[in-house]
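I opened a notebook on this structure. The entries below follow the order in which I looked things up.

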Amino acid sequence: MKKFLALVFVATLLISCLSACAPVTTPSTQGTQPPAESKLIRVGFAQCKADESDWRKANTKSVQEALSKENGFDLILADSNNDAAKLVSDVQGFIDQEVDYIIIAAVNADGWDTVLGNAKKAGIPVILMDRTINASEDLYNCWLGGGFYNEGVKATDWMGKRFAGGKQANIVHLQGQLGASAQVGRTEALEDAIGKNSNWKLLAQQTGEWSTDTAKEIMASWIQQYGDDINCVYAENDNMADGAIQALEEAGKKVGGDDGVAIISFDANRAYLQMTLEGKINCNVECNPLLGPGVAALINKIEGGGTPNKKESVDETAFYYDTITQEVIDARPY
Ligand code: GZL
């Protein structure tokens, strides 16, 4: 009998051990279905020009991915082709369609009072993404983007080191599309720094319209005019910095590095961080285009009855030819 009881005890112990080790099977969850069409939050997205630059492509993709049907949104994209008047009429079109929210990536900082007044009358919340505008703060719910003036300060701080000890800086300045807040902020930072440094001289300034080809043509004409006097290019985005580099190299000029024409750029897209690692771009200041998740969070906060801060700027950094590494670049999301 004792043997029998011992066997039962061991068997019981063995069964309980085996069941404790068995994999825990979670009940199979139904595939998550996006909400019914009628439940989706309809969002009108007025974009400057969806494919204008590497930055803009990454920005457009970020919004489309974050405001997907799976995430509960019905996103309608309007592309103004960088035409400020068309962008305003695109916003009016969203008001007429009675969307639930409007996102604006403004081509120009001016010209917003009337259409935003119409959005307010229609009770449609407006979120400014990326660019700021010159309009009363009660005409939009919030702004999410980069600090353009501070980006420019990061660049001019580096220039201060490059041209330390009174070394002459002869600068050519490729501006973004005139009137865009990114252009305004980055230009103001350079002009303020030039005013503070008597050894800095602005040889030429012109908009390259954010475009590689336009910047290349302008830079080629400046090389004809100023030749070897040019020792610094301040380009307000990566695409224009690339155009300037192409023109300089085709003219046989040394670019970047310790003793070439110093190249300043903005946006820090991956391909141009590679050029920074190669030493062709000396200082590349980040401007984060991945604003989609932040915009989706702002809309969800308003949907939930919350009030977002009027301004939410994203953290940004800068990269330098003599400290950047391939590991840093490989870890970057764009
Ligand atoms: C910056 C963004 C600028 C980029 C350019 O937030 O508005 O516009 O720096 C883009 O590349 O065209």
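I began with contacts, meaning heavy atoms within 4.5 Å. Residues 24 or more positions apart account for 73% of the chain's contacts with a separation of 6 or more. I noted that this is a predicted model, where local features need pLDDT of at least 70, side-chain atom pairs count only at pLDDT 80 or more, and totals for chains, interfaces and linings use all residues. Residues are numbered from 1 along each chain as its sequence is written, and side-chain values use heavy atoms, with hydrogens and water left out.

**Confidence.** I checked pLDDT, the predictor's confidence in each residue, from 0 to 100. The chain mean is 91, and 89% of the residues reach 70 or more. Over residues 10–31 pLDDT stays under 50, and the model has zero contacts there beyond four places in sequence.

**Inventory.** I counted DSSP runs, numbered from the N terminus: helices (H or I, at least four residues) and strands (E, at least two). The chain has eleven helices and twelve strands. Of its 334 residues, 50% are buried, that is, under 20% relative accessible area with a 1.4 Å probe, protein chains only (exposed is over 50%, partly exposed in between).

**First sheet.** I looked up strand pairing, which takes at least two DSSP bridges between two strands. Six strands form an open sheet in the order E2-E1-E3-E4-E5-E11, with parallel pairing. Its edge strands are E2 (73–79) and E11 (311–313), each pairing on one side only. The twist averages 20° from one strand to the next. For angles, axes are lines fitted to C-alpha atoms, for helices over the stretch in contact, and values run from 0 to 180 degrees between N-to-C directions. Strands E1 (residues 41–47) and E3 (residues 101–104) run parallel, joined by four bridges. Valine 43 stands opposite tyrosine 101 in E3. Helix H2 (residues 54–66) lies across E1, E2, E3 and E4 (126–129), at about 175° to E1. Helix H3 (residues 84–96) lies across E1, E2 and E3, at about 170° to E1.

Another open sheet of six strands has the order E7-E6-E8-E9-E10-E12, with mixed pairing. E7 (200–207) and E12 (318–320) stand at its edges with a single partner strand each, so one side of each lacks a neighbour in the sheet. Here the twist averages 15° from one strand to the next. E8 and E9 run parallel, joined by three bridges. Valine 233 stands opposite isoleucine 263 in E9. Helix H7 (residues 212–226) packs on this sheet and touches E6 (169–175), E7 and E8. Helix H8 (residues 238–250) also packs on the sheet, touching E6, E8, E9 and E10 (283–286).

**Cores.** I searched for nonpolar cores: buried Ala, Val, Leu, Ile, Met, Phe, Trp, Tyr and Cys residues joined through side-chain atoms within 4.5 Å. The largest has 44 residues, and Ile102 and Trp112 are among those with the most contacts inside it. Helix H10 (residues 292–303) gives the largest share, five residues. A second, separate core has 30 residues, including Trp210 and Tyr272.

**Aromatic pair.** How many aromatic pairs does the whole structure hold? The search finds one. Ring centres must lie within 6.5 Å; planes under 30 degrees apart count as stacked, over 60 as edge-to-face, the rest as tilted. Tyrosine 234 and phenylalanine 266 have ring centres 5.4 Å apart and planes at 65°, so the pair is edge-to-face. Both residues are buried.

Methods:
Rings of Phe, Tyr and Trp (its six-membered ring) pair if their centres lie within 6.5 Å; planes under 30 degrees apart count as stacked, over 60 as edge-to-face and the rest as tilted.
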